[in-house]
Amino acid sequence: DIVNDLVTLLPPDRLKRLALTASHSKQNLWAEALSLTEHLNDDWKGKIGDIIAQEGEELLTNMLRSAQALDLWDGVFPVVACMSDDSRKRLAQLSALAEPELLMAVLLSADKHDLWPLFLPLLADMPPDTRATAVHLVEELPDAVIVRMLESALAHHLWHHMLALVAEMDEPQTKRVADLLARQSDALVI
């Protein structure tokens, strides 16, 4: 693909400057930057995600806040999915991700864009307080959303992440999820 070929010509320092420009521009160029990544292969998405993560909490937080403000989650999640494990851990441990409003936007976007396979693995890397907030917010989601999470966990072999999430729910919510699971078709049988 021509976009991958063009990005190959850019030195890592230039890619870093492009990410910083997207973040610090008065016009907030994250939409444009993330739109470009849609045309990149997974290897390049990962490299760019790692560059952003290596720049630290401020750049990652800016990317998340822009994703929330501009509903760019469908551009952010694929980049996050291709990041190295260390970079994803940095992202999952951001203090901004513990903010209920931001985290709820992530959850709703994961549902809207069918991105549960990219969100569920992040739970394991979240600090306990952030994960507790995530669990509480998941408990507030409508039944239909929980069912889609369950279906996605099955389809993508992510039951261990889903079960870890359910294990942290309070008893009535754990029963709710079990009831939803029991009401689903045979396709949801583990």
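Mentor: Let us begin with confidence, since this is a predicted model. The mean pLDDT of the protein is 86, and 89% of its residues reach 70 or more. Among the elements, helix H1 (residues 2–8) has the lowest mean pLDDT, 68, whereas helix H10 (residues 128–140) has the highest, 96.

Trainee: What span would be expected for H5, and what does the helix reach?

Mentor: The general idea is to compare the distance from the first C-alpha to the last with the span expected at 1.5 Å a residue. H5 has 14 residues and reaches 20 Å, which is close to the 20 Å expected. After H5 comes Asp-71, whose phi is positive, near 50 degrees.

Trainee: Which residues of H5 are buried?

Mentor: In H5 the buried residues are Leu-59, Leu-60, Thr-61, Met-63, Leu-64, Ser-66 and Ala-67. Over the protein, which has 190 residues, buried residues make up 46%.

Trainee: Why does Ser-152 count as buried?

Mentor: A residue is called buried when its relative accessible area is under 20%. Ser-152 counts as buried because its relative accessibility is 5%. Ser-152 is found in helix H11 (residues 143–155), and, not counting residues up to four places away in sequence, Ser-152 touches Trp-116 and Pro-117.

Trainee: Which helices do the buried residues of H6 pack against?

Mentor: In H6, which covers residues 73–82, the buried residues are Trp-73, Gly-75, Val-76, Phe-77, Val-79 and Val-80. They pack against H3, H4, H5, H7, H8 and H9.

Trainee: Which residues of the largest nonpolar core touch the most other members?

Mentor: Of the 59 residues in that core, Trp-73, Trp-116, Phe-119, Met-149 and Met-162 touch the most other members. The largest share of this core, seven residues, comes from H8. To follow one of these residues, look at Phe-119: leaving aside neighbours within four places in sequence, Phe-119 is in contact with Phe-77, Leu-103, Val-106, Leu-107, Ala-110 and Met-126.

Trainee: What share of the contacts join residues at least 24 apart?

Mentor: Among contacts between residues at least 6 apart in sequence, 74% join residues at least 24 apart.

Notes. Residues numbered from 1 in each chain as written. Predicted model: local features only at pLDDT ≥ 70, side-chain atom pairs only at ≥ 80, totals over all residues. Heavy atoms only, no water. Buried < 20%, exposed > 50% of the residue type's maximum accessible area, 1.4 Å probe, protein only. Helix = DSSP H or I, 4+ residues; strand = E, 2+ residues; numbered from the N terminus. Contact = heavy atoms within 4.5 Å. pLDDT = per-residue confidence, 0-100. Expected span 1.5 Å × (residues − 1). Core = buried A, V, L, I, M, F, W, Y, C linked by side-chain atoms within 4.5 Å.
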